[in-house]
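I am opening this notebook to keep track of what I looked up, entry by entry.

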Amino acid sequence: MTVYLIGIGGGNPELLTLIAAKRIESADLVIGAGRMIEALKHLIKCDVIKETSTPKIAEEILKSDADKICVLFSGDTGFYSGAKKLAGRLEEEKIDFEIIPGISSVQLLSAATGRAWDEWNFFTAHGAEASAVSAVMKGKDAFFVTDSKLSPSRLCEELVQAGLGDTKVYIGENLSYDSQKLYAGTAREASEMEFSPLSVILCEKAPKKPHSLMGIADDEYIRGGVPMTKQEVRAVILSKLDISPADIIWDIGAGTGGVSVEMALMAGDGRVYAVERNEEGIELIKKNRERFSAYNLIAVQGSAPEALEALPKPDKVFIGGSGKNMCEIVRLVSEKNSEAVIVISAIALETLGEAMRALGENGYEIGAVQVQSSYAKKIGEYNMMTANNPIFIITGKKND
């Protein structure tokens, strides 16, 4: 027995490769989705099985006595294809197989738009979670295979919410079919449109401004009249949070977004929710998000803990302002994710005591450090040190 794993391309039979057509014509059995079998019925001269599940396809192959079996896959066998999983199963069963590639949706969209694809990044939203924002932040145009749930419209809506509504997008519907359509416009426009489930989208890379990843100077931020955590204190807070690239992070009492921005830059594939009740603060957070290209930063206006209820469970939490609701906030974080790391900053001794008590009552192992910085100031012929208020940084982690 030999099994041929065949990529049929975009679906138009005219784009099928000659070797793929020969293998299908000489097959004893053809397995694939109904629409693929229908499209290639002029070539098929044997029994067919309409099936798309890899485990079930493997079962059909194992019980078959056919010498030549063709399994059909849409697009290319090497691009987000079920061929990968089936090939692994065939190797385990020591069944001979040959992979025959097809013309991929990447090539079809590239041809339709006249844009070379050799510098794109590739992602799939087909049956998987995907973030358009983190994708366009990686420095290259981002290509997505989509599905009915995570459609081009949904991906574009995410870009709009991140302040990237003017991003240029190219959307290919039913590529290679007679019903093929091509849309080129902005993410904002596309977010309000409907597209075929058989669609792919190319999003141009997000603008990126050069800056430090950690320890951004205070005067680089747009500050307004809202208090901001100082540069040196931010550095200690970030070291205590120990952020990973895919973390979901809450910044409660985010102010101007100083800490939020640096957290977002460190968690490029994750998301940062900056919760702030002050309307001016929300506007400053959005402006600083754009200033530092921290598009995975989401501004949430409201007071904690109420504003936290609808947010996804966090991996890391920073509390810079609690509005006298420290115990309720810590309790909610613990309920959402008991393994989340909590870091709290406090200037007043009363806030320090409240933070220690809230963490202790909810079963956290507590650590605390005091940070005090002074800045040199020219006074006459001399440089004098001007002290800032000492800051307490409290860390809460659950025991293993």
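This is a predicted model: local features need pLDDT of at least 70, side-chain atom pairs count only at pLDDT 80 or more; totals for chains, interfaces and linings use all residues.

**Entry 1: two helix pairs.** Residues are numbered from 1 along each chain as its sequence is written, and side-chain values use heavy atoms, with hydrogens and water left out.

Helix α9 covers residues 231–241 and helix α10 residues 258–266, and they pack at an angle of about 45° with their axes 10 Å apart. That makes α9 oblique to α10 (angles under 35 degrees count as roughly parallel, over 145 as roughly antiparallel, 65 to 115 as roughly perpendicular and the rest as oblique). I noted that the axes are lines fitted to C-alpha atoms, for helices over the stretch in contact, and that angles run from 0 to 180 degrees between N-to-C directions. Helices (H or I, at least four residues) and strands (E, at least two) are DSSP runs, numbered from the N terminus. On the α9 side I listed Arg-234, Ile-237, Leu-238 and Leu-241, which meet Gly-258, Val-259, Glu-262, Met-263 and Met-266 in α10, with contact meaning heavy atoms within 4.5 Å.

Next I looked up helix α3 (residues 54–63), which packs with α4 at an angle of about 40°, their axes 10 Å apart. Helix α3 is therefore oblique to α4, and α3 passes α4 in a right-handed crossing. Among the contact residues are Ile-57, Ile-61 and Leu-62 of α3 and Leu-86 and Leu-90 of α4.

**Entry 2: rings.** I found 10 aromatic pairs in the structure; rings of Phe, Tyr and Trp (its six-membered ring) pair if their centres lie within 6.5 Å, and planes under 30 degrees apart count as stacked, over 60 as edge-to-face and the rest as tilted. Phe-79 and Phe-122 form an edge-to-face pair, 5.7 Å centre to centre with 90° between the planes. Phe-79 lies in the loop between β4 (68–73) and α4 (83–92) and Phe-122 in strand β6 (residues 121–124), so the pair ties together parts that are 43 residues apart in sequence. Phe-79 counts as buried at 19% relative accessibility, whereas Phe-122 is partly exposed at 26% (buried is under 20% relative accessible area, exposed over 50%, partly exposed in between, with a 1.4 Å probe and protein chains only). Both also belong to one aromatic cluster with Tyr-80, Trp-117, Trp-120 and Phe-143.

**Entry 3: a helix with buried residues.** In helix α5 (residues 105–113) I noted Ser-105, Val-106, Leu-108, Leu-109, Ser-110 and Thr-113 as buried. The buried residues of α5 pack against β6, β7, β8 (168–173), β9 (181–186) and β10 (199–203).

**Entry 4: backbone angles.** Most residues other than glycine have a negative phi, and most peptide bonds are trans. I therefore wrote down Ser-176, which counts as buried at 10% relative accessibility and has a positive phi near 85°. Asp-242 also has a positive phi, near 50°, but is exposed, with a relative accessible area of 56%. Last, I recorded that the peptide bond from Ala-304 to Pro-305 is cis, with omega near 10°.

Methods. A crossing is left-handed if the near helix is turned anticlockwise from the far one by less than a right angle, and right-handed if clockwise.
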